[in-house]
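Have a look at the structure first, and then we can go through the pockets one by one.

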Amino acid sequence: MVLGGGVIYISLEVLIAVGCCLGNVLVIWAVWRSGALNQSTFCLIVSLAMADFLVGAVAIPLAVVVDIHVKIPFYACLFISCVLIVPLQASVLTLLAIAVDRCLRVCIPLRYNSTVTKKRSWITAAVCWILASVLGFLPMFGWYNHDTLARYNSTSIDCQFIDVIPASYLVHFIYECCFLPPLAVMITLYGYIFFKMRRLSRGRAGVAAETGGYNQKEHKLARSLVLVLALFIACWLPLHLIKAITFYNQNIHVPSIALYFGILLSHGNSMVNPVVYAFKIPKIKQEYRKIWRRVIGREQKADINTPASNTLDSHDGRVHGEISPEVGVNGINST
């Protein structure tokens, strides 16, 4: 990459990394504050947010290190490249777990709470991360580019992702085995979920309004999660297609700008998800508003110079009186 293009690429990566870290920390905090961690779906959403956070905190910095061709030992470069793959696999598996969770919610509504418990949800999230780590670190066990290691006289190389990770692993295994089949299963599950919900809504004549409201909430949550899935496909598919096209037809030259755009798009997916949660999932949206009001409330309090004023605490909705420091000197504690 030319110098000017490299500066632009690294600058965009830094911005995406900051957005990933801040946005997903806010998601995890909002879910925790709202008490939604008692629900299985939100346990898995936190797991997905953790994967997105690691993209910004770990994967993007390591991707920049790989891009600037740092000279490091071969196996250190291989380890870094494997780390870049793990968050992708964790995201795919977690999205699949969320789709199965939503399907169970519709198929066995009466037995759902006893079947899908909080403990089992966290176990499922842990299994997703263990599988993601195993799949991502397979190249460390021998599925790497042996030609690269043989080409260098020393064990140190100019670290590049494509030099240590074979295209056969990326296309045949990651794309065709670990990406496309789970997506097909998720699309099928969500299709069945909406089909089932539509049938239930049609046959709900005479049912209590509370049941209708509950089904409407479930429908909104399912639509929000489908949007997360659609954005994941839209952001990751171009990069996978570029790798597959160049693998199956090596005569085709893909411009480097297209490759770097695909990389930025895939990383940007982890920054977009918190925005989707903010606008589409009511529990997280409400908690975002509370957090924002607390921040605004503190700023307003800092700007108040009058001896006494009444402010509304957004956390509990009660009115508290603020006493000036001069009054506190006379023995009255200010609040």
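Which helix gives the most to the lining of the largest pocket? That is α10, with 7 residues. Please keep in mind that this is a predicted model.

**The largest pocket**

- Its volume comes to about 1200 Å³.
- The largest pocket has a lining of 44 residues, and those nearest its centre are F161, I162, K243, L259 and I263.
- Several helices each supply at least two residues of this lining, namely α1 (3-34), α2 (40-67), α3 (74-107), α7 (161-164), α8 (167-175), α10 (209-248) and α11 (256-280).
- Sorted by class, the lining of the largest pocket holds 31 nonpolar and 11 polar residues, along with 2 charged ones.

**The second largest pocket**

- Here the volume is about 500 Å³.
- The second largest pocket is lined by 21 residues, with Q39, F42, E218, L221 and K283 lying nearest its centre.
- Two or more residues of the lining of the second largest pocket come from each of α2, α3, α4 (112-115), α10 and α12 (282-303).
- α10 provides the largest share of this lining, at 5 residues.
- By class, the lining of the second largest pocket splits into 7 nonpolar, 7 polar and 7 charged residues.

**The helix to follow**

Note on methods. Residues are numbered from 1 along each chain as its sequence is written. This is a predicted model: local features need pLDDT of at least 70, side-chain atom pairs count only at pLDDT 80 or more; totals for chains, interfaces and linings use all residues. Side-chain values use heavy atoms; hydrogens and water are left out. On a 1 Å grid over the protein atoms alone, a cavity is a set of points where a 1.4 Å probe fits but cannot get out, and a pocket is an open set with protein on both sides within 12 Å along at least five of seven lines; lining residues have an atom within 4 Å of a point. Grid points are joined across faces, edges and corners, and a volume is the space filled by probe spheres set on the points. Helices (H or I, at least four residues) and strands (E, at least two) are DSSP runs, numbered from the N terminus. Ala, Val, Leu, Ile, Met, Phe, Trp, Tyr, Cys and Pro count as nonpolar, Asp, Glu, Lys and Arg as charged, and the others, Gly among them, as polar.
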